[in-house]
Amino acid sequence: MCSVLAKKVLLVLLVLLSILLPFSILGTSKLSAYAEFDKSGNFICNPFGRSLETNIYMDIVHKINDKMSLYMKTNPNSTVLQQHDVMMQDQKTWDLYNKSRTCLADVIGVNPDDVISLTPNVQQAITVPEFGMFSPMVVMIAIFGSIVVYRKFF
């Protein structure tokens, strides 16, 4: 008799769980885990979440700095242009970096460089002009242009 009652209770619990579980899953899908990201994972600046926005910015800067540090350890003889190419591969990271930096500076009013900054290696790598093989040609055109201007006016 006890085992029949236990089986009925278990059956009722399973039925209740099967009915309630879909509603609980549907309810949580509309909530985002972090207030600064929507359901699609897009960054949203929260002007009232200074500490959260600061943490997001610090996390992304650490990610960028760590990536450069690892690359420099594994490729110590790399050129600045090679470093630039490696750093620019992950455009989602740079998009999040720029949005988070803008959020801190323009919306919240915090200087992002006072929070954390990119390492000098990263700063140097991201400022490399992307002329590639055309850089000697650009220099030659600039030299010829200055000679023509000099001869014409002097």
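**Pocket and ring pairs**

Trainee: How many charged residues are in the lining of the largest pocket?
Mentor: This is a predicted model, where local features need pLDDT of at least 70, side-chain atom pairs need 80 or more, and totals for chains, interfaces and linings use all residues. Numbering starts from 1 along each chain, and side-chain values use heavy atoms, without hydrogens or water. A pocket is an open set of 1 Å grid points where a 1.4 Å probe fits, with protein on both sides within 12 Å along at least five of seven lines, and lining residues have an atom within 4 Å of a point. Counting Asp, Glu, Lys and Arg as charged, the lining has 4 nonpolar and 3 polar residues, and the charged ones number 5.

Trainee: Which element gives the most to this lining?
Mentor: The lining includes Phe37, Phe43, Ile60, Lys63, Thr93, Leu96 and Lys99. Helix 2 and helix 4 (DSSP runs of H or I, at least four residues) each give two or more residues. With 5 residues, the largest contributor is helix 4.

Trainee: How much space lies in the largest pocket?
Mentor: Volume here is the space filled by probe spheres set on the points. For the largest pocket, that space is about 190 Å³.

Trainee: How far apart in sequence are the parts tied together by the pair of Tyr57 and Tyr97?
Mentor: The structure holds 2 aromatic pairs (ring centres within 6.5 Å). Tyr57 and Tyr97 form a stacked one (planes under 30 degrees apart), at 5.7 Å centre to centre and 25° between the planes. Tyr57 lies in helix 2 and Tyr97 in helix 4, so the separation of the parts they tie together is 40 residues.

How values were computed:
Phe/Tyr/Trp six-rings, centres within 6.5 Å; stacked < 30°, edge-to-face > 60°.
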